[in-house]
Amino acid sequence: MSETEALDVARRGPSRFACVIPSRSVSMTVTRRFGGGGPTLAVTTLRADVLEGPDQGRITRTHDERFTLGTAQGNDLVLGDDTVSRFHALVRRTDEGILVVDQRSTNGTWVGGARLGQAIVKPGTVLQLGRTHVRITEGAELDVEIHAGDALGPLRGRSPQMRRVMAWTRRASASEAPVLLVGESGTGKEAVARAIHEGGPRKDQPFVVVDCGALTPTLVASELFGHERGAFTGAERQHVGALEQAHGGTLFLDEVGELPRELQPVLLGALERSVFRRVGGRSDVHVDVRVIAATNRDLRAEINAGSFRLDLFYRLAVLQLELPPLRERRDDIPLLLEHFLRELGYRGEIARLFPEDAMRALLDHRWPGNARELRNVAQATLALGLESFLDGAPRALERSGSAPDATGDPTMLPIASWLAMPYKEARQQALGAFEERYLAHLLERSGGNVSQAARDAGLDRSYLFSLLRRAGLR
């Protein structure tokens, strides 16, 4: 399948290549096909019946454990209701039930008289989106391919979830289509990107990483496209940008959701035409790159909010993979821990460093920093011994039944959780948690009166409304 054909698939509707990895208790009976096929995983799909609205009578059966609803092409259920947002809601099957996430829609997602930000509902629940009413139920079981081993390039995992990631990665490697990787910080998005690159025809060519979240807005254009000498103050010599460096190979755009809005059409044009100009330049530069992007943001919600372009999303998200957090694949923790310790030079028995009680604490921890946090725990234990493990992050591990990080209080996170993240990301998470709690208490104190809450907080009323919407409180 060519890149153009794959892009057409994404624009027409639900992509055959999109993949979300199921959480632990989703039906995960692993079977092995005979007659040459590999192992498969049984997953339960979803079904949506439109009961009221312009699309009344439509039925959508998914090919996965989740689907999206909205008016934009690329949703699994594309609705013709003009009171529905472009990407209105995400529905996903989980351990506890069916998760419904409103993607910052204009008119909201409702169940009965309650407006949902994010909630677990029972199968058979009817959602109201604008004038449209949709009933969500479980569908048929589907067998999906999983990787036969526990390693693929830099990826490691024995759990069915991670073996499914590796099977998807292997298939994506054979394509030239753009890839969008979605997942929490530390889930291994860059490792998947490297595995795709190393397993494909460009493996002997450059793999260039651009961290869009670590660059100031004034430097992003120079980092991506390069600049000519004298293009701006301090540009004392020509600089070759990442797109040009990646010629013939792969460009990995990490945290692409942080890309400034004004640069998004410039990047889109460069990717569409494979031609760009350096900052301050007058001549065209032609490149041949495969683009893999990653984000921990919900780009569909960002599109609704106007901070991310729909056409750029289509261009980047031809193939999509959502990576599971470590807490949903705890069976991989011993294998990952051993892998990290070997990378750090340890050659002894893992049980000598992490006896049974310590390993049990690891398995019970929520891992807000995911695999990156686990690697930091391994490194700290090698450097300072098990005492550092027991005195640091494991304070949270010992209380994992009511883990401090689960309360939403950023000051209660174990230090290993902060060290598992880049500074900017840790700061953003702490501020986000503070903002959500502050606004909730502010609104409660004012009895839901936004004008009074704005006066109490010393904020402009319209600005407070935008903060409340962003936090899912309005």
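Me: Is Phe207 buried or exposed?
Reply: Keep in mind that this is a predicted model. The relative accessibility of Phe207 comes out at 17%, and the cut-off for burial is under 20%. So Phe207 counts as buried.

Me: And what about Phe252, buried or exposed?
Reply: Same cut-off, under 20%. Phe252 has a relative accessibility of 0%, so this residue counts as buried.

Me: Are the planes of Phe225 and Phe276 stacked, tilted or edge-to-face?
Reply: Planes under 30 degrees apart would be stacked and over 60 edge-to-face, with the rest tilted. For Phe225 and Phe276 the centres are 5.7 Å apart and the planes sit at 45°. So this pair is tilted.

Me: Which elements hold Phe225 and Phe276?
Reply: Both residues are buried, and their pair ties together parts 51 residues apart in sequence. Phe225 belongs to helix α4 (residues 217–225), while Phe276 belongs to strand β21 (residues 275–276).

Me: What do the buried residues of α9 pack against?
Reply: Helix α9 spans residues 333–343, and its buried residues include Ile333, Leu337 and Phe340. The buried residues of α9 pack against β15 (155–156), α10 (350–353), α11 (356–364) and α12 (370–384).

Conventions: Residues numbered from 1 in each chain as written. Predicted model: local features only at pLDDT ≥ 70, side-chain atom pairs only at ≥ 80, totals over all residues. Heavy atoms only, no water. Buried < 20%, exposed > 50% of the residue type's maximum accessible area, 1.4 Å probe, protein only. Phe/Tyr/Trp six-rings, centres within 6.5 Å; stacked < 30°, edge-to-face > 60°. Helix = DSSP H or I, 4+ residues; strand = E, 2+ residues; numbered from the N terminus. Contact = heavy atoms within 4.5 Å.
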